[in-house]
Amino acid sequence: MMNHIKIFFTLLIGVVFSVNVYAQKPEDTEDWSRKPEVVTPSKYAKTPSDAIVLYGGKTDADKWEHENGDALKWKTAKAMTVVAKTGGIYSKQAFGDVQLHIEWRTPKKVEGKGQGRGNSGVFLMGKYEVQILDSYNNETYYNGQAASIYKQHIPLVNACKAPGKWQTYDIFFTAPKFNADQSLKTPAYITVIQNGILVQNHVELKGPTEYVGQPQYKYHADKLPIHLQDHNNPTSFRNIWIREL
Ligand code: MG
């Protein structure tokens, strides 16, 4: 008799389980809410079809200006190169959350050391710096070397090429968001790939880049220009494109 009861319950559980499985359909978990836009990929480091080109050559020089609104005083050709003491440059267009591709090259002729060698920087929203530096056999404080989030995050590895070689940054940036009372809602996050190697993995920014003292968020607009730094070294840039996210 006990055996019969056991068999009965085993069958019952089997039936209930089967019914439950059949009640759920594969379609139930299919998400058709957002059709991903078709984007034409290209050879690595070439501009995808939906990107905004910020510098593809001399004719894009008018997409940038100095802080006071002056036209570019940097050398512009196929690449653009910092002219020391002319000041940093700002994209005329403002951006928030972005994917940014930028190629950079520190001078082949090695001069200076530490922070004085090929120093520049990409500032997202003009405030949050991904350091550019010749960090090939050139030691400095680790949260100030190439691919550091300056004075905030040491890169995972040193993926630098030799001086005079073109290098790439692919930067994925989530802008900080602010509440209506201008207090911080969510901080900024950044991921950086240097020369195809992950160097910053979704790190949280503590605030805008500070040379001295601790960073602290201050309310700012949703979109602000990209800034490239003049740190007195003739660092070059080319093939800069951006996708708004
Ligand atoms: Mg810098």
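I take two strands as paired if DSSP finds at least two bridges between them. Strands are DSSP runs (E, at least two residues), numbered from the N terminus.

I note that this is a predicted model, in which local features need pLDDT of at least 70, side-chain atom pairs count only at pLDDT 80 or more, and totals for chains, interfaces and linings use all residues. Residues are numbered from 1 along each chain as its sequence is written, and side-chain values use heavy atoms, with hydrogens and water left out.

**Entry 1: the open sheet.** I looked up S2 and found it paired with strand S5 (residues 89–95) in the antiparallel sense, over 3 bridges. His 66 lies opposite Ile 89 of S5. Both strands belong to an open, antiparallel sheet of 5 strands, ordered S2-S5-S14-S7-S8. Strand S2 (64–66) and strand S8 (128–132) each have a single partner strand, so one side of each lacks a neighbour in the sheet.

**Entry 2: the magnesium ion.** I listed the donors (N, O and S atoms within 2.8 Å of the metal, or 3.2 Å for Na, K and Ca; water is not among the atoms, so sites may look incomplete). Asn 119 (OD1), Ser 120 (O), Glu 129 (OE), Gln 131 (OE1) and Gln 229 (OE1) coordinate the ion at 2.2 to 2.4 Å. Their spacing along the chain reads N-S-x8-E-x1-Q-x97-Q.

I then checked burial (buried is under 20% relative accessible area, exposed over 50%, partly exposed in between; 1.4 Å probe, protein chains only). Glu 129 counts as buried because its relative accessibility is 3%; Gln 131, at 1%, also counts as buried.

**Entry 3: strand S15.** I found strand S6 (residues 98–105) joined to S15 by 7 antiparallel bridges, with Leu 100 opposite Ile 242.

Notes. Helices (H or I, at least four residues) and strands (E, at least two) are DSSP runs, numbered from the N terminus.
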